[in-house]
Amino acid sequence: MYKKYNTNQTTLPLELSALLPQDHLVFVIDEFIESLDWSAYPLFEASEGRPGYHPRLLIKALLFAYSEGIFSGRKMEKTMLENIAMMWLVSQETISYRTINRFRSSLFCQNLLPELFAEFAAKLKTENMVTMETLFVDGTKIEANANKFSFVWKKAIERYKASLKEKAMQYFKEEIQPLVDQAMQIDDSDEQSTAELEEIATIIEQEIQDLSSDIEANPVKGKNPKKQRRRTLKKHLRKLVNDFIPRKKKYAAYEEVFEDRNSFSKTDTDATFMRMKDDYMQNGQLKAGYNIQIGTENQFALAVGCFLILRIRGHSSLL
């Protein structure tokens, strides 16, 4: 025999919480968010238009979805239609994924979540669930969503920069300096800045304009040495504008991104190239990634951080 069932049977509305276990995580999230003093947080309230969802409701939905491994706004919206716990948590509202994404990417939410994390740690302490005396740290490396061949290495940039300085010094002394009387003197011990290179380019441009005006004002039949000089200056100007100055700016921008790191990805400058655990080829291939560290006590996360380099005894080393 089988139990009879009827999917079309009419039933009275039932409290959704009765369908969930009493120790369900959704009740903990609801109690924690409702226990916060929201008067300390400035809320944005529009005086016109349709009333918006309260941040408490949106924060609850985000926390529960994240705890279930759901990070897509569309999947969160779908969960509000299919998951009983989520339906109870949001009072059977169906919040659009656009609203969810707009809220969690807002400056208000970005400032609020760290505050909630601190409030959560304080609540665990007051309820004697953690002692704050012991912290267990563990972490993992997460591959960044960046092109594997977009690496920039600090040592390579330093080598190319030194080569650029040497070539620029030699080029200026042999080619530009004899042609432009106003050009600044080249010092063997100093490196020309981008501003100085641009100033030299401006001087050459002015020299070309003066030569052009002179050629037009005083035409010469046959071979004109001034035209030859103008062609030479134009060649040097192209060298400066298309080669030296762009490379100088590029290397300077790269050095600002490096800071204490030895590498970064062009498509994700926050990511550092490091060895991953999933090295399937067993060839020590480096991939752009992040080092995530979490501090826990009694299975509660009390601290979390994303690191690009590892500092050991005051020294920085590439992960």
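A: Let us begin with a helix pair: the axes of α3 and α5 come within 8 Å and cross at roughly 125°. Axes here are lines fitted to C-alpha atoms, for helices over the stretch in contact, with angles from 0 to 180 degrees between N-to-C directions. Helices (H or I, at least four residues) and strands (E, at least two) are DSSP runs, numbered from the N terminus.

Q: Before going on, what kind of model is this, and which pLDDT limits apply?
A: The model is predicted, with local features requiring pLDDT of at least 70 and side-chain atom pairs counted only at pLDDT 80 or more, while totals for chains, interfaces and linings use all residues. Residues are numbered from 1 along each chain as its sequence is written, and side-chain values use heavy atoms, with hydrogens and water left out.

Q: Back to the pair: how are α3 and α5 oriented to each other?
A: α3 and α5 are oblique to each other. Angles under 35 degrees count as roughly parallel, over 145 as roughly antiparallel, 65 to 115 as roughly perpendicular and the rest as oblique.

Q: And what is the handedness of the crossing of α3 and α5?
A: The crossing of α3 past α5 is right-handed. A crossing is right-handed if the near helix is turned clockwise from the far one by less than a right angle, and left-handed if anticlockwise.

Q: Which residues make that contact?
A: From α3 they are Gly 73, Arg 74, Met 76, Glu 77 and Met 80, and from α5 they are Tyr 97, Ile 100, Asn 101 and Arg 104. Contact means heavy atoms within 4.5 Å. By class, the contact of α3 with α5 has four nonpolar, two polar and three charged residues. Ala, Val, Leu, Ile, Met, Phe, Trp, Tyr, Cys and Pro count as nonpolar, Asp, Glu, Lys and Arg as charged, and the others, Gly among them, as polar.

Q: What about α2 and α5: at what angle do their axes cross?
A: The axes of α2 and α5 cross at roughly 95° and come within 11 Å. That makes α2 roughly perpendicular to α5. Pro 55, Leu 58, Ile 59, Leu 62 and Tyr 66 of α2 meet Ile 100, Phe 103 and Arg 104 of α5. This contact of α2 with α5 has seven nonpolar residues, no polar ones and one charged.

Q: Changing topic, how many residues are in the largest nonpolar core?
A: That core has 28 residues, and those with the most contacts inside it are Val 26, Ile 33, Ile 59, Phe 64, Met 80 and Met 86. A nonpolar core is a set of buried Ala, Val, Leu, Ile, Met, Phe, Trp, Tyr and Cys residues joined through side-chain atoms within 4.5 Å. Buried means under 20% relative accessible area, exposed over 50%, and partly exposed in between (1.4 Å probe, protein chains only).

Q: Which elements give two or more residues to this core?
A: They are α1 (25-35), α2 (55-67), α3 (73-82), α4 (84-89), α5 (97-104) and α6 (107-126). Of these, α2 gives the most, with seven residues.

Q: What does Ile 59 touch?
A: Not counting residues up to four places away in sequence, Ile 59 touches Ile 33, Trp 38, Phe 103, Cys 109, Leu 112, Leu 113 and Leu 116. Apart from this core lies another, of 19 residues, among them Leu 197, Ile 204, Ile 208 and Tyr 251.

Q: Which residues of α1 are buried?
A: Val 26, Phe 27, Ile 29, Asp 30, Phe 32 and Ile 33 are the buried residues of α1. What covers them includes α2, α4 and α6.

Q: Now the backbone: what is phi of Gln 92?
A: Phi of Gln 92 is near 60°, a positive value in a residue other than glycine. Gln 92 is in the loop between α4 and α5, and is exposed, with a relative accessible area of 55%.

Q: And where is Asn 298?
A: Asn 298 is in the loop between β5 (286-297) and β6 (300-307). Asn 298 has a positive phi of about 55° although it is not a glycine, and counts as partly exposed at 48% relative accessibility.

Q: Last one: is Ser 265 buried or exposed?
A: Ser 265 is buried, with a relative accessible area of 0%, and lies in strand β3 (residues 263-265).
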